[in-house]
Each structure stands twice: as structure tokens, then as C-alpha cells.
Amino acid sequence: LWAGSQESLWSIPDATLLTHVQIIFQAIYPDVNLTIVLNGAVFSLTIQRLSEWRSNFGSTAIVIIYDFLMSNSDCDPEVLAGLLLKNYTFIFEDMDKRDPDGAFHSVFILQLLGKAHLNVINGHANIPALKTKDLASKGMAGVIVFCATALERAVTLISEGDIKVEDILASATSRGKVIIKLPKVLNKTTGKETSAPYMFSRDLWGKADTGYMKSIKKKSKNFVETIVEMARSALNESTTADAAILHSSDDDRAFL
């Protein structure tokens with residue numbers, strides 16, 4: 001929750017992270033007298049979890065765009081992804097009008113914000129020193145920007161043919177999960193193949209992130225809070241619908 005309140009999610013200075021990890025640890029484990037240190041077990045685990053959290057935005061964004069393209073199977077996936085990318089159509093609530101007031105309100109952003117972040121912080125600890133109650137609704141400009149950046153990468157990879165929708169479809173497991181495999185190119189220095197040019201990283205996508213943040217800073221005071229409320233509402237509706245399906249007693253299959 002606290003990490004998501006940072007302006008840039010790509011990297012948090014070690015000193016800043018260390019201070020806040022200590023505050024969080026003491027709040028969660030008040031009876032444990034432990035000083036968190038750089039490169040220690042707790043700090044290293046925190047770094048790993050943050051890396052996994054950031055990576056999840058990238059992979060979830062691809063799945064969200066993939067689902068949209070599959071629901072519009074009468075259109076060529078690469079062409080449709082290109083249309084989403086043109087003029088940053090994918091971030092607008094109304095993708096036909098592209099009204100500036102509807103920027104960052106698209107169903108893609110709301111879905112990604114809900115699945116990759118709000119779902120993760122649900123049930124967070126209350127830590128007054130970090131003002132977590134406020135951060136749960138107001139301090140998410142950086143996360144919204146991260147969502148926009150992850151989605152831009154997703155539509156870019158598909159529109160340029162770096163990721164094939166048919167390959168994603170073919171990777172689907174019996175449980176409906178898909179496996180995202182990034183293409184690899186030869187690293188002439190090491191002589192080994194690498195997916196580095198296609199990764200969701202600060203080196204490749206930091207500029208886009210900065211641009212989106214400049215845009216959000218120009219918006220109204222309650223702009224971020226409104227988007228968070230919309231995303232949380234959409235997430236709750238999705239969760240309720242899933243629960244209704246799981247607990248339905250109208251289907252004979254439920255009694256097998």
C-alpha cells in the first residue's frame with residue numbers, strides 16, 4: 001500500500017524503503033525487537049515482493065488486452081491493438097471521443113488497478129504513522145500511471161507482433177490460465193538469447209511513466225480518488241459475480 005503511494009514505482013531509494021519497512025515491521029510485530037538492515041533477510045524479501053508486485057502489472061495488462069481482443073475476434077488482433085494504441089485510445093473511458101476528462105478512466109485501467117493492486121492491498125494493516133487509511137483511496141497516482149504504462153506496453157507488444165494472440169490462446173491451461181512468453185533475441189555480447197528488450201522495466205518504460213504522471217498532475221483535485229472508487233466498485237462487482245457463479249445451486253453440475 002505504501003509503495004503504491006510513491007510517485008515512481010520503478011525504484012524506491014534504499015534508505016527510504018528501509019525506514020518504512022522498519023515502521024511497518026514494528027507495527028505488525030510490536031513484540032519483536034528487530035532492526036531491519038540493508039541486505040538482511042527482511043529487506044531482501046521486501047525487494048523480492050516489490051519486484052513480483054511490479055511484474056504482475058505487466059503480465060496482467062497483457063491478459064486484460066488479450067481478453068478484449070478475444071471478445072472482438074472478428075477484427076485482426078494486431079490491427080485492433082494498433083487502434084487502441086493510436087492517440088492513447090486505450091486510456092480513455094469513451095474510446096471514440098477521447099475526452100480529456102475521461103483519461104485514465106478506461107475499463108482496461110480500472111480492471112488492471114483492481115486486479116493488480118486493489119485486490120492485493122485488500123485487508124491491509126492500519127498503520128497510522130503511514131496514514132494508510134488515506135493511502136487506500138487518495139495516494140495512488142503512481143499506481144494509476146503504472147497501469148497506463150503497463151497497458152501501453154501490452155498493446156504495443158501485440159500491435160507490433162512481438163506477442164501473438166494465437167500463441168497466448170494456445171498456451172491456455174485446462175483451468176483457463178494463459179502463459180505469457182516473451183520473444184527472445186540474441187545478445188551479441190553474451191552470445192545468449194534474452195527477453196530484455198521486451199521486459200516491463202524502467203529502462204524501457206520509464207519515459208512513458210513520466211509522461212503519464214505529468215498528465216495526471218494537471219487533473220482536478222479528486223481525480224485520482226474518483227478513479228480508485230470506480231476501480232474498487234468494478235472489482236467488487238466482479239468478485240460478487242464470481243461468487244454467485246461458484247455458489248449457484250441452479251446448475252445440476254453443482255451436485256455431481
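Predicted model: local features only at pLDDT ≥ 70, side-chain atom pairs only at ≥ 80, totals over all residues.

Biologist: Is Thr132 buried or exposed?

Modeller: Thr132 is buried, because its relative accessibility is 4% and the cut-off for buried is under 20%.

Biologist: And what does the side chain of Thr132 reach?

Modeller: The Thr132 side chain reaches the backbone nitrogen of Ile127, at 2.9 Å.

Biologist: Which residues does Thr132 touch, leaving out those up to four places away in sequence?

Modeller: With those left out, Thr132 touches Leu1, His124, Ala125, Asn126 and Ile127.

Biologist: Nice. New topic: where is Gln22?

Modeller: Gln22 belongs to helix 1, residues 14-28.

Biologist: Buried or exposed, that Gln22?

Modeller: Buried: the relative accessible area of Gln22 is 15%, and anything under 20% counts as buried.

Biologist: What does the Gln22 side chain reach?

Modeller: The side chain of Gln22 gets to the backbone oxygen of Leu34, at a distance of 2.9 Å. Leaving aside residues up to four places away in sequence, Gln22 touches Leu34, Thr35 and Ile36.

Biologist: Now the loops. Where does Asn39 lie?

Modeller: Asn39 is in the loop between helix 1 and helix 2, and helix 2 spans 41-70. Asn39 is exposed, with 72% relative accessible area.

Biologist: What is phi for Asn39?

Modeller: Phi of Asn39 is near 70°, a positive value in a residue other than glycine. Most residues other than glycine have a negative phi.

Biologist: Which loop holds Asn87, and what is phi there?

Modeller: Asn87 lies in the loop between helix 3 (77-85) and helix 4 (107-121). Phi of Asn87 is near 55°, which is again positive in a residue other than glycine. Asn87 counts as partly exposed, at 46% relative accessibility.

Biologist: Let's switch to helix packing. At what angle do helix 2 and helix 4 pack?

Modeller: Helix 2 and helix 4 pack at about 140°, and their axes are 9 Å apart. That angle makes helix 2 oblique to helix 4. The crossing of the two is right-handed.

Biologist: Which residues make that contact between helix 2 and helix 4?

Modeller: From helix 2 they include Trp53, Phe57 and Phe68, and from helix 4 they include Phe108, Leu112 and Lys115. The residues of this contact divide into 9 nonpolar, 4 polar and 1 charged.

Biologist: What about helix 6 and helix 8: how do their axes cross?

Modeller: The axes of helix 6 (residues 141-159) and helix 8 (residues 202-217) cross at roughly 130° and come within 9 Å. The two helices are therefore oblique to each other, and their crossing is right-handed.

Biologist: Which residues are in the contact there?

Modeller: Helix 6 brings residues including Ile144, Phe146, Glu152 and Arg153, while helix 8 brings Trp205, Asp209 and Tyr212, among others.

Biologist: How many of the residues in the contact of helix 6 with helix 8 are nonpolar, polar and charged?

Modeller: There are 10 nonpolar, 3 polar and 3 charged residues in that contact.

Note on methods:
Residues numbered from 1 in each chain as written. Heavy atoms only, no water. Axes fitted to C-alpha atoms, helices over the stretch in contact; angles between N-to-C directions. Helix = DSSP H or I, 4+ residues; strand = E, 2+ residues; numbered from the N terminus. Parallel < 35°, antiparallel > 145°, perpendicular 65-115°, else oblique. Left-handed = near helix turned anticlockwise from the far one by under 90°. Contact = heavy atoms within 4.5 Å. Nonpolar A, V, L, I, M, F, W, Y, C, P; charged D, E, K, R; others polar. Buried < 20%, exposed > 50% of the residue type's maximum accessible area, 1.4 Å probe, protein only. Polar contact = N/O pair within 3.5 Å; in protein donor to acceptor, adjacent residues only side chain to side chain.
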